[in-house]
Each structure stands twice: as structure tokens, then as C-alpha cells.
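This report goes through a structure for a reader who has not seen it before.

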Amino acid sequence: MTIMKFHRCLHSTSCVCTKGHLSEEVIFLVLQHMNWNPKVIASLSCVCKWFDDLAKRLFWKEFCRTRAPKMMLDLQSSGSHSVDGNWRALGKLLIICSGCTKGGLFNNYEIPGHFVYKTRFSRTSGKSFLLPQCRSDVLYVSDPCEHLDQGDEGDVGFFRGVFKSFASSNVRRMLIKRGAKFHPTETCPYCKAKLWSMQQAKMIPQSASCRLGAYEDFIEYYVCLNGHVLGVCTLLPLSDSEEASELE
């Protein structure tokens, strides 16, 4: 496969690669053979600016397309060649549970972020996180990443997601109409954009807790300017969770 090179190299004067390195075509084929291993892509990004640029515009895009092909086709079906917030941010969202620090975005929790090998993102589940007047929007949401036995907090679940074409979404328009404020200090862990609190805007429907199998009063999530979603909930015991699913 021939890869056309449209971007100039971004070497620094001290870059170890200035004496020569493998071509884009060779690196592409090697990573393709490795099924776009995200840890290898992240390591390559640290080599120099040239590798980082190559990873941002090509390798993370191929990773996302391989990891979630139907989801990526849908996110791009509006005609955009890219996605909101760039491919690297979306790649991170697919494989990293953000966790949280004490006094940070979710004040009561101290749980480190971590790599997630497999996560299911669902467009159908996303509807449960939207108010009725916003359900024409497209939102993909993950199953909760469970962190069990967190002391007084019980069983905690972190979830994440992404909107399609968030800039033109009903959710964004409603947030602006309601005068929602950005979080004063925290930013999106995936793209560093500013965050709106859906809880403060009173835009979390009861169906969200039912979908997650969580207590209704212990669910909170944020959406950033690029449409990335991250949230936390306190999970119900298994038997109670099954009853909630029946109610939904």
C-alpha cells in the first residue's frame, strides 16, 4: 500500500531521526501487522515530533477504524473526514478509563485511570442518557467500568462516550440556552477541552441510572466542547440492578 506524504517532517535540531529513519510506508505496514497496537503507537509518538505528527494524522485514525469500525463510519457519515477533538483523543477514549483524583472532577472519588482492553460502546444505550427533546442526537456510551468495594462509596462505575457532530447537537444548544457554566478548573482528560456538567444543567434523565444499573441520585457526567462524555455512578447490587432493568 502506498501512503502519500502531505505533511512536512517536524524535526527538532536535536532529533535523533535527522540522520534517517524508516519510511511512512514501512511503519504503516508494521503497525498494520500489529493490528494497530495502541501502546506501540503511543511509544512511537514519544520518539520525536515527526513520529508524533504521523501518529496523530494517520495511526490513531487507523486504530479507531480497526477497534470500532461501525461506530467510526457512523461518526464520519455527516461528511467530515475527521472527528471532533482529533483521532488521538478518540483513540484514548476508546481504551482508557479516566478514573479521578480526590477534589477533581468527581470530588468524592480517588481512583486512578487505567488501560481497558475491551469496551462495548452502544448508540442505543446513548439514548438513555438524553432528555426526550434531545433524542434525535447520536451518542455512543460505554458500559460502566466497574471498580468494586470502594469503601463508603460502594461499587463505583465509570462510563465514557462520544457525540456525533456535537457542534450542531440539541444537547449543546440546550446547554447554551440554559446558561450552563464550564467547570472552573478541570478539562476533558482526552482532549483538554472545557467541560459542561450535565448534572448542574439538570439534563440527566432517570433512564440513565436504569441503563447503568445505578442509584438515581448517584450519577453524574460531563460533556466537553468536542462532544466527549465522561461520567461516574454508584452501582446497585446485582439483584437491585436486575429489577431496574426490568423497570426500564
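The lining of the largest cavity divides into five nonpolar residues, two polar and one charged. Here Ala, Val, Leu, Ile, Met, Phe, Trp, Tyr, Cys and Pro count as nonpolar, Asp, Glu, Lys and Arg as charged, and the others, Gly among them, as polar. A cavity is a set of points on a 1 Å grid over the protein atoms alone where a 1.4 Å probe fits but cannot get out, and lining residues have an atom within 4 Å of a point. Points are joined across faces, edges and corners, and the volume is the space filled by probe spheres set on them.

The model is predicted: local features need pLDDT of at least 70 and side-chain atom pairs count only at pLDDT 80 or more, while totals for chains, interfaces and linings use all residues. Residues are numbered from 1 along each chain as its sequence is written, and side-chain values use heavy atoms, with hydrogens and water left out.

| Cavity item | Value |
|---|---|
| Cavities of 30 Å³ or more | one |
| Space in the largest cavity | about 40 Å³ |
| Residues from β6 in the lining of the largest cavity | three, the most given |

The lining consists of C97, S98, F158, F159, R160, Y190, L230 and G231. Strand β10, like β6, supplies at least two of the lining residues. Helices (H or I, at least four residues) and strands (E, at least two) are DSSP runs numbered from the N terminus.

The largest nonpolar core has 49 residues, and F59, M71 and M72 touch the most other members. Such a core is a set of buried Ala, Val, Leu, Ile, Met, Phe, Trp, Tyr and Cys residues joined through side-chain atoms within 4.5 Å. Buried means under 20% relative accessible area (1.4 Å probe, protein chains only). Helix α3 gives the most to this core, with nine residues. Apart from this core lies another, of 25 residues, including L131 and F166.

Leaving out residues up to four places away in sequence, F59 touches I27, F28, L31, W36, I41, L44 and L54. Contact means heavy atoms within 4.5 Å.

D74 lies in helix α4, residues 69–75. Is D74 buried or exposed? D74 is buried, because its relative accessible area is 13%. Beyond its neighbours within four places in sequence, D74 is in contact with R123, V138, Y140 and K164.

Overall, the protein has nine helices and ten strands. Buried residues make up 48% of its 248 residues.

How values were computed. Buried means under 20% relative accessible area, exposed over 50%, partly exposed in between (1.4 Å probe, protein chains only). On a 1 Å grid over the protein atoms alone, a cavity is a set of points where a 1.4 Å probe fits but cannot get out, and a pocket is an open set with protein on both sides within 12 Å along at least five of seven lines; lining residues have an atom within 4 Å of a point.
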